[in-house]
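Hi there,

Here is the structure I promised to pass on to you. Have a look at it first, and then read my notes below.

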Amino acid sequence: MNLNKIIELDKKYYMNTFGDRTAVCFDRGEGLCLYSTEGKKYIDFMGGIAVNAIGYSNSCFTQALHSQIDKIIHTSNLYYIENQALLAQRLVELSCADKVFFANSGAEANEGAIKLARMYFYKKGQGHKNEIITLKNSFHGRTLATVAATGQEKYQKPYMPLTPSFIHVEPNDTEQLQNAVSENTCAILLEVVQGESGVHPLTNAYLSAARKLCDDNGILLIYDEVQTGMGRTGTMFAYEHFCIEPDIFTLAKALGGGVPIGAICAKDFCCAFEPGEHGTTFGGNPLACCAALAVLDIFEKERLVENSYEMGNYFVKKLNEMNSDKIVQIRGRGLMIGIQLCENANEVNKKLFERGYLCGTVGDTLRILPPLIVTKKDIDSFIDVLEEVIA
Ligand SMILES: Cc1ncc(COP(=O)(O)O)c(C=O)c1O
């Protein structure tokens with residue numbers, strides 16, 4: 001189908017939540033490349049918004065999915081599921097968590113983490129402890145509770161009244177965080193690097209202070225690693241950079257390599273759900289867990305976490321070497337990079353697109369989230385084009 005026809009159908013039949021999208025439709029991908037229905041090749045430095053960590057059409061991934069589809073796609077959670085048990089084991093062995101629950105998206109995993117935190121105190125007979133402190137400029141998803149958790153008015157305003165008991169404080173301001181803690185606080189929920197608001201990392205000192213506050217006051221520390229997890233920042237989970245462990249963390253995005261799956265990962269002591277108190281129809285089904293298991297195999301085989309760390313450092317070095325007066329600041333970790341420009345980043349992004357490069361923007365910041373398979377050569381080519389475009 002040609003692009004105009006696709007756009008016509010979209011405008012007529014699809015709810016317009018995404019506005020005027022970039023006028024392109026991809027029908028094939030390979031490695032770092034996407035090919036449009038019009039036959040044009042693009043190099044993807046946005047990775048499906050941090051989803052396509054293993055790149056496109058990885059043959060180990062597609063073969064694993066094909067053989068799983070041939071066997072079984074879905075059984076309900078009324079029965080034991082081999083892939084689910086194996087994936088839970090893999091994630092526990094890789095992280096500080098003791099137990100895992102699978103959902104279908106990042107928002108759903110966060111929603112479950114919020115419920116888990118409240119359930120923990122409810123079971124302790126402290127049901128009044130139901131307030132969750134989150135940060136301004138955070139993003140935690142689009143369900144009603146995660147919209148309330150998200151510290152950005154633009155996502156909240158039309159949906160009043162919001163789910164109550166979320167308190168928002170300035171990121172990296174320890175005093176505000178301390179002052180926000182009360183006898184009703186049950187958890188602090190943070191992104192270690194805030195992604196959707198333009199790639200803003202939290203400091204080591206702030207995370208230490210948050211951990212200490214939680215320990216001193218007997219409250220839970222939850223990291224939203226939906227975007228930062230799965231090697232994005234150069235370690236498997238972003239908290240590893242700081243050696244400051246959460247009690248609960250959430251994953252989604254890259255975990256399934258494009259097949260929807262989210263995860264709540266928690267330490268034993270706060271695994272408060274009992275039978276019937278949380279659940280899902282699709283979450284953790286054989287196909288989704290097969291996808292995530294294959295993703296983890298590919299991460300190991302292709303050393304993608306190490307590559308994310310090395311290529312992230314290389315990328316930032318090359319950006320610094322550009323020495324451009326158009327670049328105000330370079331932020332991020334690993335392959336989660338924000339390039340703050342001295343102008344709105346949309347124009348630059350449009351020019352990159354015309355030259356066959358896909359990136360994202362938030363205000364004056366260009367967002368870079370390439371698949372973790374990116375090489376020095378790919379980065380060099382991108383830097384050449386970026387230099388040309390912003391000159
Ligand atoms: C940090 C963070 N949390 C949660 C979400 C929501 O994830 P999903 O869109 O899979 O519901 C996102 C999505 O961008 C995110 O970046």
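Domain bounds here come from an automatic or database domain assignment. Please keep in mind that this is a predicted model.

The assignment divides the chain into domain 1 (3-26 + 35-58 + 303-390) and domain 2 (60-301). Their C-alpha centres lie 25 Å apart. The contact takes 26 residues from domain 1 and 28 residues from domain 2. On the side of domain 1 that touches domain 2, the elements giving two or more residues are α2 (47-50), α11, β13, β14 and β17 (365-368). Of these, α11 gives the most, with five residues. That side of domain 1 has 12 nonpolar, 11 polar and three charged residues.

So what does α11 look like? Helix α11 covers residues 304-322, and its 19 residues should span 27 Å at 1.5 Å a residue; the end C-alpha atoms are 26 Å apart, which agrees. Among its buried residues are Leu304, Tyr309, Phe315 and Leu319. The buried residues of α11 pack against α10, β13 (327-333), β14 (336-341) and α13 (376-390). After α11 comes Asn323, with a positive phi near 50 degrees.

Now for a helix pair. The axes of α4 (residues 82-94) and α10 (residues 286-301) come within 8 Å and cross at roughly 35 degrees, and the crossing is left-handed. In α4, Asn83, Gln84, Leu86, Leu87 and Arg90 meet Pro286, Cys289, Cys290, Ala292, Leu293 and Leu296 of α10. By class, this contact has eight nonpolar, two polar and one charged residues.

Happy exploring!

Conventions
Residues are numbered from 1 along each chain as its sequence is written. This is a predicted model: local features need pLDDT of at least 70, side-chain atom pairs count only at pLDDT 80 or more; totals for chains, interfaces and linings use all residues. Axes are lines fitted to C-alpha atoms, for helices over the stretch in contact, and angles run from 0 to 180 degrees between N-to-C directions. Helices (H or I, at least four residues) and strands (E, at least two) are DSSP runs, numbered from the N terminus. A crossing is left-handed if the near helix is turned anticlockwise from the far one by less than a right angle, and right-handed if clockwise. Two residues are in contact if their C-beta atoms, placed from the backbone, lie within 7 Å. Ala, Val, Leu, Ile, Met, Phe, Trp, Tyr, Cys and Pro count as nonpolar, Asp, Glu, Lys and Arg as charged, and the others, Gly among them, as polar. The expected span of a helix is 1.5 Å times one less than its number of residues. A residue is buried if 20 or more other C-beta atoms lie within 10 Å of its own, exposed if 12 or fewer, and partly exposed in between; C-beta atoms are placed from the backbone.
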